[in-house]
Amino acid sequence: MTDDIKNGAETADIEFRGVSRHFGDVIAVNNVDISIPRGGFVSFLGPSGCGKTTFLRMIAGFEQPDSGDVLLRGESVVGVPAFKRPVNMVFQHYALFPHLNVADNIGYGIKQVNRKISKKELATRVGETLEMVRLPGFQERNIWEMSGGQQQRVALARALINRPNVLLLDEPLAALDRKLRRDMQIELQNLQREVGITFVLVTHDQEEALSMSDTVCLMKEGRIVQTGSPQDLYKEPLSPYVADFVGKSNFFKGISEGAGAVKLTCGRIVEGRAPLTVELPPKSSAAVVCVRPEMIHIAAEGNKGASEHAMYFTGNIVNRIFLGENTEYVVRIDELGDVLVMSSRLSEASTGTFEPNQSVTIGWDKDATLIFADT
Amino acid sequence: MKIYAIFVYAFLYLPIALVIFFSFNAGNYALDFQGFSTRWYAKALTNPFIMDALWFSVKVAALSAVMSTVFGTMAALALQRLSGWKRTFYDALIYVSIMVPGIVIAIATLIALVTVFKFLNPFLEVLAPLFDGQAPKLSLGFVSLVAAHSLFTMSLVVVIVRARLSGMDRTLIEASEDLYASPFRTFVQVTLPQLMPGILAAFLLSFTFSFDDFIISFFVAGPNTTLPVYIFSSIRRGITPEVNVIGTVVLVGSLILLFSAQFLSTMGKGKKRSASKDDSDDS
Ligand SMILES: Nc1ncnc2c1ncn2[C@@H]1O[C@H](COP(=O)(O)OP(=O)(O)O)[C@@H](O)[C@H]1O
Ligand SMILES: [Mg+2]
């Protein structure tokens with residue numbers, strides 16, 4: 001079955017049909033079917049070693065699939081070498097040519113395709129592209145005279161100037177510091193809207209994937225386990241793996257009672273719902289209950305608030321992590337073990353902050369509870 | 001500095017300093033200083049035997065350096081593609097050929113060449129009518145010396161270029177292919193410029209090796225005289241300031257070449273290091 005990211009798209013820019021790639025005993029990419037329509041910003045998200053880079057390299061042409069078919073705009077490109085494919089890649093460590101200056105790096109692709117291009121035309125296009133990545137006037141700079149962020153932009157310019165059908169980005173922001181990474185996330189998004197071509201980004205950083213792309217494909221051990229909008233992945237994870245990888249989650253094990261209820265190992269019965277499009281586990285089968293930390297209400301014991309929710313428990317705070325906009329508490333509950341609770345500054349305005357060892361009550365609603373089959 | 005260190009340095013450099021000093025001797029004997037003069041420079045540089053030997057040495061060094069650089073670079077590129085035991089095996093062969101003493105190489109080359117010539121020359125007799133009855137004859141000389149020097153210095157080139165190659169960022173090649181450059185153009189536009197400092201350094205080292213070499217030349221050059229061979233034979237007739245002049249000139253020339261080699265081989269690396277140093281700060 002093919003994961004169609006958007007229905008009604010004309011020919012997809014990229015299509016994988018049952019593609020696998022092994023390295024010895026390791027299955028880097030395992031029977032992947034995916035269709036990526038034109039003009040979107042798609043992220044492939046997954047832990048290190050799950051096959052993201054291999055997936056990207058098969059689009060670029062640096063790896064060939066062992067089985068299955070890779071299509072670019074409807075044509076199979078299996079066996080077509082990288083230099084004949086209309087896609088460009090931004091490498092993780094940029095891979096800028098150290099013996100060429102910025103202008104020669106950026107003009108490299110054009111010169112390969114059109115060897116007779118006039119100096120003037122080339123200079124104009126290089127200049128335009130440098131402005132697009134906000135590095136005007138950097139033509140004569142040497143690569144080693146530029147900071148990491150600037151090199152990143154040169155790498156982007158070097159790819160975008162060729163007006164490829166698809167731009168591939170392999171963990172493009174991993175080497176940048178936090179603030180610069182935020183800026184580049186916004187810039188990349190703007191750039192994608194401006195040029196209108198398909199961006200395919202792979203990353204292990206969920207924040208990066210969620211904040212930039214319109215579609216996220218979550219990968220696990222060479223397979224795509226869920227495809228959807230960032231909101232979908234966050235709110236309607238299809239499995240505990242997704243719920244765990246995208247955002248933070250608390251998991252409690254139990255036995256399904258059927259009809260949207262689970263009997264936890266401590267004996268309490270929790271009510272909840274299955275994610276959209278997923279069946280509830282059948283009665284008497286093992287189940288996992290998932291609750292997001294920010295959906296849990298926390299209040300001092302005895303105070304109203306938390307105990308008004310469908311589910312509530314009492315316990316002690318064992319740890320407090322101040323994150324600026326939020327505070328994370330680890331609350332030790334006898335029945336559940338350690339529960340992660342996130343409290344925003346806004347809610348703290350009414351509840352106050354809590355100290356380690358303080359007795360608190362936590363509670364959440366039925367709507368905030370997702371029930372999965374435990375596999 | 002410790003006193004013995006001073007002795008070590010003195011022992012190393014005093015003789016060299018003396019050679020330079022006595023090359024400006026006005027007197028007729030190498031070690032009998034009669035005042036400053038450059039008259040032995042004029043004499044040495046107009047001595048046809050010296051100039052012939054010098055010219056012969058330069059020709060041999062230049063040609064063998066070119067050959068060993070070209071073939072050594074090709075060999076290094078090919079070795080890079082091998083893997084497993086094959087690579088270990090051929091690598092070991094290269095290192096062994098560097099470590100074998102020059103005298104062994106010299107004798108082995110001499111015997112090999114003489115044997116081959118002995119085998120081939122009767123066949124060349126057949127061609128006699130084509131050359132007015134005077135059949136071409138293979139013998140020791142310029143070509144055999146160039147061949148011997150090329151073979152030996154090729155191992156040096158392989159080792160130097162290999163070091164450069166393994167330090168090279170492989171993703172640069174992929175980046176070039178991603179930007180529509182064919183493998184050949186990638187080689188010319190990316191791989192070769194990346195290797196160039198190493199290749200040049202290897203060339204200069206090969207040149208100096210061949211130019212300085214005495215042992216192999218002595219055995220394989222046949223009737224021709226290289227500069228070191230000439231110096232050796234002239235010393236047997238007594239040391240004149242002329243020999244000091246040659247020594248000084250060769251020393252200066254070799255130093256210039258060695259320093260350029262050193263400079264070239266570190267130049268590219270320095271750039272690379274500073275390029276990756278400040279990865280995380282923007283201006
Ligand atoms: N060239 C290769 N040779 C051998 N194993 C490889 C190679 N490339 C990737 N792998 C293996 O394939 C798996 C997926 O790697 P990769 O695609 O790089 O993952 P990711 O980019 O998600 O970290 C890993 O187990 C990795 O060790
Ligand atoms: Mg990777």
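Predicted model: local features only at pLDDT ≥ 70, side-chain atom pairs only at ≥ 80, totals over all residues.
Buried area is the accessible area that two parts lose on being put together, summed over both.

**Stop 1**

Show chain A as a cartoon and look for an open sheet of 6 strands with mixed pairing. Walk across it in the order S7-S8-S9-S4-S10-S11. As you go, the twist averages 20° from one strand to the next.

Strands of a sheet pair through backbone hydrogen bonds, either parallel or antiparallel. For one pair to inspect, select residues 41–45 and 215–220 of chain A: these are strands S4 and S10, paired in the parallel sense over 4 bridges. Which residue of S10(A) is the bridge partner of A:Val42? Click on A:Thr215 and you have found the partner.

**Stop 2: a helix on the sheet**

Now select residues 148–160 of chain A, which form helix H4. This helix packs on the sheet and touches S7, S8 (166–170) and S9 (198–203). The direction of H4 makes about 175° with that of S7(A).

**Stop 3: a link within chain A**

Next, display the side chains of A:Glu171 and A:Lys52. They form a salt bridge, with the closest N and O atoms 4.0 Å apart. A:Glu171 sits in the loop between S8 and helix H5 (178–195), while A:Lys52 belongs to helix H1, so this pair ties together parts that are 119 residues apart in sequence. The structure holds 20 salt bridges over all chains.

**Stop 4: where chain A meets chain B**

Bring chain B into view. Here 38 residues of chain A are in contact with 27 residues of chain B. The area buried between the two chains is about 2,800 Å², and carbon and sulfur atoms give 54% of that area.

How many salt bridges does the rule find across this interface? There is 1. To see a salt bridge between the chains, select A:Arg57 and B:Glu174, whose side chains meet at 2.8 Å, N to O. The count of residue pairs in polar contact between the chains is 11.

Finally, color the elements of chain A that give two or more residues to the side touching chain B: helix H1 (52–60), S7, helix H2 (102–113) and H4.

Notes:
Residues numbered from 1 in each chain as written. Chains lettered and ligands numbered in written order. Heavy atoms only, no water. Pairing = 2+ DSSP bridges. Axes fitted to C-alpha atoms, helices over the stretch in contact; angles between N-to-C directions. Contact = heavy atoms within 4.5 Å. Buried area = accessible area lost by both parts, 1.4 Å probe. Polar contact = N/O pair within 3.5 Å; in protein donor to acceptor, adjacent residues only side chain to side chain.
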